[in-house]
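Thanks for coming. Please look at the screen for a moment before I start talking.

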Amino acid sequence: MDEQVRESGADNVGLVGDDATLVPADYYDFDGPQYRLFRLGTYYDPARDVLIKNFDVDQRADDTGIRAFHVSVSDGLSVKNIDVIGRHDSGTWGPALFRVTDSDGSGHIDGLRITDGADWQTQTPGDLWRGPTGILINNHDGSIRLDHCVVRNYPDNGLYVTGSGSVSVVGGLFQNNGPVNVRIGASRATVERTEFVTDQRSPYYLAQIPMRFDYADRVVVRDVSIDLTAPNGDAVQILDDVESAALRNTDIDIADVPAAGVVVKSGSGPVSIVDVDVDVDMDCSANAFRLLGNGGGVVVQDCRIAGSASGENLRHAIRCERDNCEFRALTVDQWGGGKRRGIALLGEDYTVYKCRIRCSDRPVSAYGDDIWIEENYLDSYSGDESIRIGPDADSVRIKNNELPDGIQDAGGRNVLVTGTTY
């Protein structure tokens with residue numbers, strides 16, 4: 001194909017391959033706008049009931065790569081079993097754009113595999129800034145579900161979503177895309193049973209973040225695996241315009257650089273982090289959880305933080321600057337050197353309950369106000385204090401804990417210790 005097929009406002013359109021391969025012309029031989037193979041519908045004149053399935057897009061030739069499918073529907077989008085083969089090295093738009101324009105409309109993308117990546121703009125004949133996006137969903141008002149999609153090595157995000165609709169990512173793999181593998185701004189965002197891998201650093205990026213949520217009424221992440229073998233950025237970022245978020249049953253492995261597991265940015269709403277395992281390896285000093293600034297309360301419960309991380313850069317397994325946070329039934333084991341510490345409580349109104357924390361340095365730094373610490377086991381491998389109460393701390397209650405290394409009180413006010421063994 002060396003020119004675009006365009007149809008606006010079409011109804012009941014099917015593009016169905018029977019062992020079919022689409023071969024786009026290269027950047028120099030494509031006739032007309034070098035952007036798309038198929039453009040079905042526009043934002044202002046969308047199509048309806050569009051089916052696309054069973055195609056290979058072969059872009060293995062030099063200087064080849066194009067948006068194969070650019071589809072805007074009011075309702076009824078179905079995309080199945082699409083493979084994009086070959087490196088996208090033309091410097092034009094990425095392989096796919098989808099949107100649903102009706103708030104009651106829906107779409108389903110199942111088995112879109114974009115695995116050979118794309119080149120940075122300085123290596124291509126086209127001048128697209130930075131390079132192409134793997135899957136783009138923008139100006140989106142309905143609901144879209146993506147099942148079993150695979151996107152690797154795209155320079156301008158693997159999946160990028162904007163709009164007032166909702167998006168679900170279920171299953172699949174997102175690997176080594178930068179600056180973010182899955183970046184979502186939507187009214188509701190769900191990511192579940194999906195694998196994220198960063199095992200090869202981009203020479204162009206300071207970040208290859210697995211997940212970033214820019215804004216949403218509700219974010220849900222569950223049953224997700226994040227493997228940062230060669231991390232280049234935090235694992236999960238929840239930004240200030242997210243009104244609420246929940247992370248469940250997720251595994252995060254971090255190695256090599258001082259990134260963070262889960263970062264909750266100042267301004268976001270309440271967040272719950274439950275049954276999340278973070279392994280922080282020996283060459284890294286990442287915060288497993290970094291809870292920043294003002295916003296809704298955060299509950300961290302039944303989570304496990306392990307590994308031989310040092311405290312050379314980001315000293316604490318958990319750094320909490322936010323008020324009104326609870327830490328319940330956590331298991332923290334950080335045996336590396338460099339003064340690795342457990343939880344830093346730097347704001348107001350905290351509960352630490354039934355946690356087991358062992359670190360190379362002190363387990364708890366109580367520097368804020370209105371702190372309740374009850375029924376915990378807090379131990380330092382190096383024999384440093386189990387709890388340090390900062391000079392500006394106020395109203396610290398320590399009840400029924402086991403503290404093998406005792407308490408260092410640097411001048412806190414209204415400190416009460418009851419039923420605690422040393």
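How much space lies in the largest cavity? About 50 Å³ lies there. A cavity, on a 1 Å grid over the protein atoms alone, is a set of points where a 1.4 Å probe fits but cannot get out. Grid points are joined across faces, edges and corners, and a volume is the space filled by probe spheres set on the points. The structure holds one cavity of 30 Å³ or more.

Some ground rules. This is a predicted model, where local features need pLDDT of at least 70 and side-chain atom pairs count only at pLDDT 80 or more, while totals for chains, interfaces and linings use all residues. Residues are numbered from 1 along each chain as its sequence is written, and side-chain values use heavy atoms, with hydrogens and water left out.

Back to the cavity. Its lining residues (an atom within 4 Å of a point) include Pro24, Tyr27, Phe30, Asp63 and Thr92. By class, the lining of the largest cavity has five nonpolar, five polar and two charged residues. Here Ala, Val, Leu, Ile, Met, Phe, Trp, Tyr, Cys and Pro count as nonpolar, Asp, Glu, Lys and Arg as charged, and the others, Gly among them, as polar.

Now the whole chain. It has zero helices and 40 strands; these are DSSP runs, numbered from the N terminus, with helices being H or I of at least four residues and strands E of at least two. Of the 422 residues, 57% are buried, meaning under 20% relative accessible area with a 1.4 Å probe, protein chains only. The C-alpha atoms fill a box of roughly 75 × 40 × 30 Å along the principal axes.

Two residues next. Is Phe38 buried or exposed? Phe38 is buried because its relative accessible area is 13%. Phe38 belongs to strand 3, residues 36-40. Beyond its neighbours within four places in sequence, Phe38 is in contact (heavy atoms within 4.5 Å) with residues including Met1, Leu22 and Phe69.

Arg362 sits in the loop between strand 33 (356-359) and strand 34 (364-366). At 7% relative accessibility, Arg362 is also counted as buried. Which side chain makes a polar contact with the side chain of Arg362? That of Glu385, at 2.8 Å. A polar contact is a pair of N or O atoms within 3.5 Å; within protein, one must be able to donate a hydrogen and the other to accept it, and residues adjacent in sequence count only if both atoms are side-chain atoms.

Key
Buried means under 20% relative accessible area, exposed over 50%, partly exposed in between (1.4 Å probe, protein chains only). On a 1 Å grid over the protein atoms alone, a cavity is a set of points where a 1.4 Å probe fits but cannot get out, and a pocket is an open set with protein on both sides within 12 Å along at least five of seven lines; lining residues have an atom within 4 Å of a point.
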